[in-house]
Amino acid sequence: MSAEDGNSSISSATDSVSAWRKGGRFLRKVLVAGVIAYGIAAGYMYFNQRNFVFVPTGELETPESKGLDGVAVETVTMADGTNVTVWTAEPRPGAPTVMYFHGNSSNLSARHKRFKHVLNSGYGLYAPTYRGYSGSEGSPSEAAFISDALEHYDRLTATGAPVILHGESLGTGVATAVAEQRPDAKLLVLEAPYTALVDIASEQYPWLPVTALMKDPMPTRERIKKVQSPILILHGTKDRIIPVEHGKRLYDLAPEPKSLEIVDGVSHSDLWKNGLWETVQRTYCALETVRKAC
């Protein structure tokens, strides 16, 4: 081999090493950029997570403006001094009062059509607003919601009224937490429930370490195991917000007595329009402890 050929081979090898080094440096830059981008995204989600979970919108209107005559608007001061608004109405003699925990969006007055059905049935109503939502002070969180809900429950039961706990979507976690700690509730109604908020977040953001980041995990799947009240779970097969599998899993975890209503072809917000309230009344009146009252 000539000197010229040797020099050519050395030059080629040197070029290859240089190319590998450049490629390695580029790859490291890409990896570093990816780690930085992931950290920024994870940090954004962590610090803004409650804006995704709790979505209060609109002004709280009056019951009268929504056609709810006989519903009183009360300002209730919680143990820590936070003022929240509650809509209340007395039941007919012998009928229960529905303690209603609404979903994560809008506000209490958006549920006025549901409340109309409750009142027309002769049932009472106790519907609190959440902290940070229209009509109430404070900031939303799992701990605050549950603490307030327990205070509301104790305030209501002090009157001697039998109580149906009704949770809608986000409110199912709150209602279950109350039922876990207050076993004298007559019935726990879960409308389109989730196994846990952290489970929903994990499904929506599989690329994030949600379990480590979630401030408000709301583990309904753990709490429901300790509920002593009868349980009614309702879920639609076309629910795209909280898949029906969540309701089915909660039913499997729940102790007896329990019942599950899967409504075919119904989405997240349409259960009430498809016989939910009639099912609640039928389930309540079938209970041994209240059958004569119906």
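Cys 285 is partly exposed, with a relative accessible area of 24%, on a scale where buried means under 20%, exposed over 50% and partly exposed in between (1.4 Å probe, protein chains only). Its partner is Cys 294: the two are joined by a disulfide with an S to S distance of 2.1 Å, a disulfide being a pair of cysteine sulfur atoms within 2.5 Å. Cys 294 is likewise partly exposed, at 47%. The link is left-handed, with -80° about the S-S bond, and the count of disulfides comes to 1.

The model described here is predicted, so local features need pLDDT of at least 70 and side-chain atom pairs count only at pLDDT 80 or more, while totals for chains, interfaces and linings use all residues. Residues are numbered from 1 along each chain as its sequence is written, and side-chain values use heavy atoms, leaving out hydrogens and water.

Once residues up to four places away in sequence are set aside, Met 99 touches Tyr 126, Ala 149, His 152, Tyr 153, Leu 156, Val 163, Ile 164, Leu 165 and His 166, where contact means heavy atoms within 4.5 Å.

At 56% relative accessibility, Ile 40 counts as exposed. Together with Val 32 and Ile 36, Ile 40 forms a nonpolar surface patch of about 290 Å² accessible area. Patches are made of residues with over 30% relative accessible area and no salt bridge, with like charges joined within 9 Å and nonpolar side chains (Val, Leu, Ile, Met, Phe, Trp, Tyr) within 5 Å; the areas come from the Shrake-Rupley method with a 1.4 Å probe, and for residues only the protein chains shown count as cover. Gln 49 also lies in helix H1, yet Gln 49 is buried at 9%. Beyond its neighbours within four places in sequence, Gln 49 is in contact with Leu 213, Met 214, Lys 215 and Asp 216.

The whole structure contains 16 salt bridges, each a side-chain nitrogen of Lys or Arg within 4 Å of a carboxyl oxygen of Asp or Glu. In one of them, Glu 191 pairs with Arg 114, the closest N and O atoms being 2.8 Å apart. Glu 191 belongs to strand S8 (residues 187-191) and Arg 114 to helix H2 (residues 112-120), so the pair ties together parts that are 77 residues apart in sequence. Glu 191 is buried at 2%, and Arg 114 is buried at 12%.

Arg 131 and Asp 148 meet in another salt bridge (2.6 Å, N to O). Because Arg 131 lies in the loop between strand S6 (124-128) and helix H3 (142-157), and Asp 148 in helix H3, the pair ties together parts 17 residues apart in sequence. Arg 131 is buried at 9%, as is Asp 148 at 5%.

Notes
Helices (H or I, at least four residues) and strands (E, at least two) are DSSP runs, numbered from the N terminus.
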